[in-house]
Amino acid sequence: MARLSGSKLGKYQIGERLGRGNMAEVYKAFHPYLERHVAVKVLHHFLSEGENFLARFQREAKAIAALEHPNIIRIYDIDIEDKLYYMVMEFIEGDTLKNYLAQSEKPLPIPEVAYIFREIASALNYAHQQGMLHRDIKPANILLGKDGRVVLADFGIARILSDTQFTAT
């Protein structure tokens, strides 16, 4: 996939790339009508080649978007343009738990660890009550907002792709 920074995808002005994984690239973007920043996750092209992918992508994205919890990333939109499937999510100003841990010179204090675990456990409990499984809990998928909010991201991407012929390590 070509780098999208500086281009337009749908109504979104694509900015800097925030991350890249086995399944997608995530960009900070700007929604000009609402005048707010969002995160746009663009799935790698090869993942969309399976049968019935579009229907599965739409169905699962709808289910993920229905999850309303303060510790689960909010999904605003899904779309496809020029064979690029993408999700538009809330933008969390902050960093991943993975980066935070890597930058920390010593182990996190127990109260901070307990707070992060409580927030993620609350998100998972809610999701499980709604019949959703995350399938990829890891520090890179936990966002730490500058406002102190702990948010679980990448909810359901593995579920969307679970019926495809591709496996990501």
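**Entry 1: the open sheet**

I began with the strand order. An open sheet of 6 strands runs E1-E2-E3-E4-E6-E5, with antiparallel pairing. I then looked for its edges. They are strand E1 (8-9) and strand E5 (75-81), each of which pairs on one side only. I note here that I am working on a predicted model.

E1 and strand E2 (residues 12-20) run antiparallel and are joined by 2 bridges.

**Entry 2: histidine 31**

Next I went to strand E3 (residues 24-31), where histidine 31 lies. Is histidine 31 buried or exposed? I found a relative accessible area of 7% for histidine 31. The cut-off for buried is under 20%, so histidine 31 counts as buried.

The histidine 31 side chain reaches the backbone nitrogen of leucine 34, at 3.0 Å. I also listed what histidine 31 touches, leaving out residues up to four places away in sequence: Lys11, Tyr12 and Arg36.

**Entry 3: arginine 36 and the rings**

Arg36 was on that contact list, and I checked what else this residue does. Which ring face does arginine 36 lie over? I found arginine 36 over the face of tyrosine 76, at 4.2 Å from the ring centre.

I then searched for ring pairs. A pair of aromatic rings is described by the distance of the centres and the angle of the planes. I applied a limit of 6.5 Å between ring centres. The count of aromatic pairs came to 0 by this rule.

I moved on to strand E8 (residues 142-145) and asked where its side chains go. In a regular strand the side chains alternate between the two faces of the sheet. In E8, Ile142 and Leu144 point one way, while Leu143 and Gly145 point the other way. I noted all of these residues as buried.

What does E8 pair with? I found strand E7 (residues 94-96) paired with E8 in the antiparallel sense, over 3 bridges. In that pairing, glycine 94 stands opposite glycine 145. I also found E8 joined to strand E9 (residues 150-152) by 3 bridges, again antiparallel. Here leucine 144 stands opposite valine 150.

Last, I looked at the turn. E8 and E9 form a hairpin, with 4 residues between them. Glycine 148 sits in that turn, and I noted its positive phi of about 95°.

Note on methods:
Residues are numbered from 1 along each chain as its sequence is written. This is a predicted model: local features need pLDDT of at least 70, side-chain atom pairs count only at pLDDT 80 or more; totals for chains, interfaces and linings use all residues. Side-chain values use heavy atoms; hydrogens and water are left out. Rings of Phe, Tyr and Trp (its six-membered ring) pair if their centres lie within 6.5 Å; planes under 30 degrees apart count as stacked, over 60 as edge-to-face and the rest as tilted. A charge sits over a ring if NZ of Lys or CZ of Arg is within 6 Å of the ring centre and within 35 degrees of the ring normal. Buried means under 20% relative accessible area, exposed over 50%, partly exposed in between (1.4 Å probe, protein chains only). Two strands pair if DSSP finds at least two bridges between them. A polar contact is a pair of N or O atoms within 3.5 Å; within protein, one must be able to donate a hydrogen and the other to accept it, and residues adjacent in sequence count only if both atoms are side-chain atoms. Contact means heavy atoms within 4.5 Å.
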